[in-house]
Amino acid sequence: MAFLFLSKSDKVHIWKEELTRLVPDLDFRIWPDAGDPEDIDFALIWLPPEGELERYPNLKVACSLGAGVDHLMKPGMVPDHVPIVRLVDPQMSRQMREWILYAVLRLHREMPVFEAQQRDGIWKSHPNPETAETTIGILGIGELGALAGKALAALDFKVMGWSRSPKEIEGIDCRHGADGLDAVLENSNIIVCLLPLTEETRGILDAKAFARMPRGASVVNAARGAHIVDEDLIAALDTGQLAFAMMDVFHTEPLPSDHPFWSHPKVTITPHVASLTPPASSAPQIAENVRRMRAGEPLLNVVERSRGY
Ligand code: NAP
């Protein structure tokens, strides 16, 4: 029985320290020095080379080093018989809540306008928008979206949420299905995307979606770059249909140096930092899944491959 760390993370030694403290008999191996492939039963992975996991005939669990698993859904990434588990970590959720609150407040209080005025030496006030009359629509009200949504509701925003299945969350007007999406888009002054990237959600924020939103609305994306059709977003910003966009994730990361988002006056970008996996708080759930695997008990946070998240 051995544990394989298969990621280029520069925090590998912290992971090793945390996990071997929690599971003292853990035989922790660091890829590519996996030793005998037959020994490996648990792999902690981020972007494994395609086909790599096929080399371990006794692999029983593949654990994503993050909350998202879209990159592991491609055929050949994780053998079909190996369950994929993901991280659901309160500290990660709080980091995301913070980034979303920052993004929403920045756009709600039109900070990009004031920053542009400051650059030009202009002292000019604008009416403050009414918070209680401002609707934030959250696409994806799972672990991350629900926490951010509740925090926005506590600040007196109207909050709408969209999920696949029906939900009831205090303070959030929850919608689902195709009609639900239209209602959220049509009523939201700011759309926040926290969906997993699946075949159903790829390109969901396109020209059609932007046209449904009220003129002058804004978009926040902290999910995956491929949720947005970049050219449609730029066109909607340039015509004034959308006011601003704040994004943490992109089709290609790092964002190519010639991408128009870098210099667009209505776009703010951060380099995929909204929520980073913290080893100290995530290690206990990984250790718990190692224990469960050994005991033959049901694993935590198993991904449903058929739905893609
Ligand atoms: P989650 O708990 O699985 O929640 C996903 C939500 O999306 C659920 O509400 C789900 O609906 C909804 N959903 C999925 N497919 C849908 C569809 N076709 N139509 C409508 N709703 C749909 O995921 P999470 O932990 O909140 O994470 C969300 C995503 O955030 C991750 O997949 C990852 O890509 C991204 N992320 C980004 C960062 C960053 O630093 N930028 C960090 C962590 C995660 P149901 O509730 O009905 O299932």
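Reply: A word to start with: a residue counts as buried when its relative accessible area is under 20%. Keep in mind, too, that this is a predicted model.

Me: Thanks! Why is phenylalanine 3 called buried?

Reply: Phenylalanine 3 has a relative accessible area of 1%. The cut-off is under 20%, so phenylalanine 3, at 1%, counts as buried. Phenylalanine 42 also has a value of 1%, and it is therefore buried by that rule. Phenylalanine 5 and phenylalanine 28 are buried as well.

Me: What makes phenylalanine 3 and phenylalanine 42 a stacked pair?

Reply: Two values decide that. A pair of aromatic rings is described by the distance of the centres and the angle of the planes. Rings pair when their centres lie within 6.5 Å, and planes under 30 degrees apart count as stacked. For phenylalanine 3 and phenylalanine 42 the centres are 5.3 Å apart and the planes stand at 10°, so the pair is stacked. Phenylalanine 3 sits in strand β1 (residues 2-6) and phenylalanine 42 in strand β3 (residues 40-45), so the pair ties together parts that are 39 residues apart in sequence.

Me: And how do you know that phenylalanine 5 and phenylalanine 28 are stacked?

Reply: Their ring centres are 6.0 Å apart and their planes lie at 25°, so this pair is stacked too. Phenylalanine 5 belongs to β1 and phenylalanine 28 to strand β2 (residues 28-30), so parts 23 residues apart in sequence are tied together. Phe3, Phe5, Phe28 and Phe42 make up one aromatic cluster, and the structure holds 4 aromatic pairs.

Me: How do you know that the span of helix α2 agrees with its 19 residues?

Reply: Helix α2 covers residues 90-108, and at 1.5 Å a residue it should span 27 Å. The C-alpha atoms at its ends are 26 Å apart, which agrees. Buried residues of α2 include Met92, Trp99 and Leu107. Just after α2, glutamate 110 has a positive phi of about 55°.

Me: Why does histidine 259 count as buried?

Reply: Its relative accessibility is 16%. The limit is under 20%, so histidine 259 counts as buried. Histidine 259 is found in the loop between β11 (242-247) and β12 (267-269), and its side chain makes a polar contact of 3.0 Å with the side chain of aspartate 230.

Me: What makes leucine 185 buried?

Reply: Leucine 185, in helix α5 (residues 177-187), has a relative accessible area of 3%, so it is buried. The C-alpha atom of leucine 185 is 6.0 Å from that of arginine 212, although 27 residues separate them along the chain.

Me: Which strands does β9 join by bridges?

Reply: Strand β6 (residues 135-139) and β9 run parallel and are joined by 4 bridges. Another 4 bridges join β9 to strand β10 (residues 217-221), also parallel. Isoleucine 191 in β9 stands opposite glycine 137, and its bridge partner in β10 is valine 219. From β9 the chain crosses through helix α6 (residues 207-212) to β10, and this β-α-β crossover is right-handed.

Me: Which way do the side chains of β9 point?

Reply: In a regular strand the side chains alternate between the two faces of the sheet. In β9 (residues 190-193), Ile190 and Val192 point one way and Ile191 and Cys193 the other, and all are buried.

Key: Residues are numbered from 1 along each chain as its sequence is written. This is a predicted model: local features need pLDDT of at least 70, side-chain atom pairs count only at pLDDT 80 or more; totals for chains, interfaces and linings use all residues. Side-chain values use heavy atoms; hydrogens and water are left out. Helices (H or I, at least four residues) and strands (E, at least two) are DSSP runs, numbered from the N terminus. The expected span of a helix is 1.5 Å times one less than its number of residues. Buried means under 20% relative accessible area, exposed over 50%, partly exposed in between (1.4 Å probe, protein chains only). Rings of Phe, Tyr and Trp (its six-membered ring) pair if their centres lie within 6.5 Å; planes under 30 degrees apart count as stacked, over 60 as edge-to-face and the rest as tilted. Two strands pair if DSSP finds at least two bridges between them. A crossover is right-handed if, with the strands pointing away from the viewer, the path from the first strand over the helix to the second runs clockwise. A polar contact is a pair of N or O atoms within 3.5 Å; within protein, one must be able to donate a hydrogen and the other to accept it, and residues adjacent in sequence count only if both atoms are side-chain atoms.
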